[in-house]
Each structure stands twice: as C-alpha cells, then as structure tokens.
Amino acid sequence: MALLKQFKLILHSTNYLQFKPSIKYYKFFSSGAVLTSNENIIYPNVKTFKHQHITLISLNRPDDKNTLNAGTVDDLRKVISNFENDPSSTVAILYGEGGSFCAGFDPCELSEAPQDFLQSHCQKPIIAAVSGFAYNAGFDLCLWCDLRIVEENAVMAIDRKLNISKSKIFLNRLLKTVGYSRTMDLLLTGRDIKSKEAFECGLANRVVACGSSVGQAVNMAFNIGKFPQQSMNHDRSIIHAIISEQ
C-alpha cells in the first residue's frame, strides 16, 4: 500500500503537472511588475515572459481593450522577432491583459494595418489565448496564430460600423478557415461570433472556462514542446506553403 501511494505521488508530480496562472504567473502579468531577468522583457505596450521553452507575449493596453496603436505594432514586431531568433524557445502564447484579447486598431492612430503587418507567418508555432473581444485586427491576429484557445465569453467580429476595408490577407485567412458562406455572413452582417460557433466552424481549437485560456495554452505548449521540433516545423511550413498557393 505504501508503495502504491508513493507511485501515485510520483505520477502526479511529473506527468500531470498543471500550469496555474492564477498563482505566480497571473500575478506577474496582472500587476505590471518588471522582473530583472534577461528572459523577461517589458516594452511600453507588450510584455514577454519566458517559461522553460515557452515565450508568453501579452498585449498590455487593458484600458483600451488592447487596441493596436503604432507603438504596440512596433513592440509586437520586436517580440515576435526575438522569439523567432531564440533557439531555446519553441512555442509562443499570445494573449491580452485585462480580460480582452484585442479590439482592433486604435482609431485615434491607425485606420488600417501597416503594410507589412501579419503578412507572413511566424517561423515557429504561436497559440492565441483569446478572452473578451477579438475585433477587426484582433480577429486577424487570432487567425494569424496557429491555434486558438478561446474562453467561453470571447467574441470575434468584423465591426462594420467602422468605414474601413479589411486587408486581403485577413479575408483570405478567414475564407480558408471557415469557408465562403460563413465568411460572407460575417463580412456582410458584422455580427458577433461566440465561442460555441467559433469551435463548430474551426475558428477555435478549444473552448475553455473564463480566465483559463492562458493556463490551458501553456499546457498545450508543453505538449508541443515534447516533440522533435525540426520535423514539426518542416511539416508546418509545408502546410503554410500549400495554403498560400491556393
């Protein structure tokens, strides 16, 4: 009996270790604290944190629902480039501070996407942990990621009240993800698409409880990191090439 209890303890402590953002990591990303480690870099509008082979990237404009202004776009480019060039980091997680993923571009600064914004895929896998609003450019940012962990309260939409045309590459991503009929539905009506429908049509890979998307994304990232990365990224690049040719 004692041997059985010891085996269960070892099994629990190794194979079933769960990431709990509500304890250590949630406090870091919610408090705005600046850590001195070289692996933790805080730009004015984007924060990054390194946890083993995982790079966590958070949009940090919670008072504006993490809308993208020129500074945020520039910071995001920097952290994505840092991630791509870091051989010790194999997968990234992108999310928004304050309960909202990204509500599009800041209308006071950007009326449309910078020319090279989200034009090419990241060289390594990125998981979007989506909560709250993912509108317009935030919707595109979700689609740009490889996988989407979506909270039950999340809402994705193309906001038609703004007189702004959508980029060709965003419409292409949306079309290839959900098909012609649903793309036209979302494009013409501007209606919200909630988590249940997002999962049913392929926009969401997982639907999780409110407040748990980052933790669930970290668990997925740990699983991805167990596999040989060279062959995985080779296969991933072929998929992207096939989609680009269509």
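Q: Phe-139 in this predicted model: buried or exposed?
A: Buried. Phe-139 has a relative accessibility of 1%, and the cut-off for buried is under 20%.

Q: How many aromatic pairs does the structure hold?
A: Two. In one of them, the ring centres of Phe-139 and Phe-170 are 5.6 Å apart. Their planes are at 65°, so this pair is edge-to-face.

Q: Which helices does that pair link?
A: Phe-139 is in helix H4 and Phe-170 is in helix H5.

Q: Which residues of H5 are buried?
A: H5 covers residues 168–178. Its buried residues are Ile-169, Phe-170, Arg-173, Leu-174 and Val-178.

Q: Where do they sit around the axis?
A: On one face of the helix, because they fall within an arc of 140° seen down the axis of H5.

Q: What covers them?
A: The cover includes helix H4 (137–144), helix H6 (180–189) and helix H7 (195–201).

Q: What comes just after H5?
A: Gly-179, with a positive phi of about 90°.

Q: New topic. Which residues form the nonpolar patch on the surface?
A: Ile-238, Ile-239, Ile-242 and Ile-243. Together they have about 310 Å² of accessible area.

Q: Where is Ile-239?
A: In helix H9, residues 229–245.

Q: Why does Ile-239 count as partly exposed?
A: Because its relative accessibility is 46%. Partly exposed lies between the buried cut-off, under 20%, and the exposed one, over 50%.

Key
Residues are numbered from 1 along each chain as its sequence is written. This is a predicted model: local features need pLDDT of at least 70, side-chain atom pairs count only at pLDDT 80 or more; totals for chains, interfaces and linings use all residues. Side-chain values use heavy atoms; hydrogens and water are left out. Patches are made of residues with over 30% relative accessible area and no salt bridge: like charges are joined within 9 Å, nonpolar side chains (Val, Leu, Ile, Met, Phe, Trp, Tyr) within 5 Å. Accessible areas come from the Shrake-Rupley method with a 1.4 Å probe; for residues, only the protein chains shown count as cover. A salt bridge is a side-chain nitrogen of Lys or Arg within 4 Å of a carboxyl oxygen of Asp or Glu. Helices (H or I, at least four residues) and strands (E, at least two) are DSSP runs, numbered from the N terminus. Buried means under 20% relative accessible area, exposed over 50%, partly exposed in between (1.4 Å probe, protein chains only). The arc is that of the directions from the helix axis to the C-beta atoms. Contact means heavy atoms within 4.5 Å. Rings of Phe, Tyr and Trp (its six-membered ring) pair if their centres lie within 6.5 Å; planes under 30 degrees apart count as stacked, over 60 as edge-to-face and the rest as tilted.
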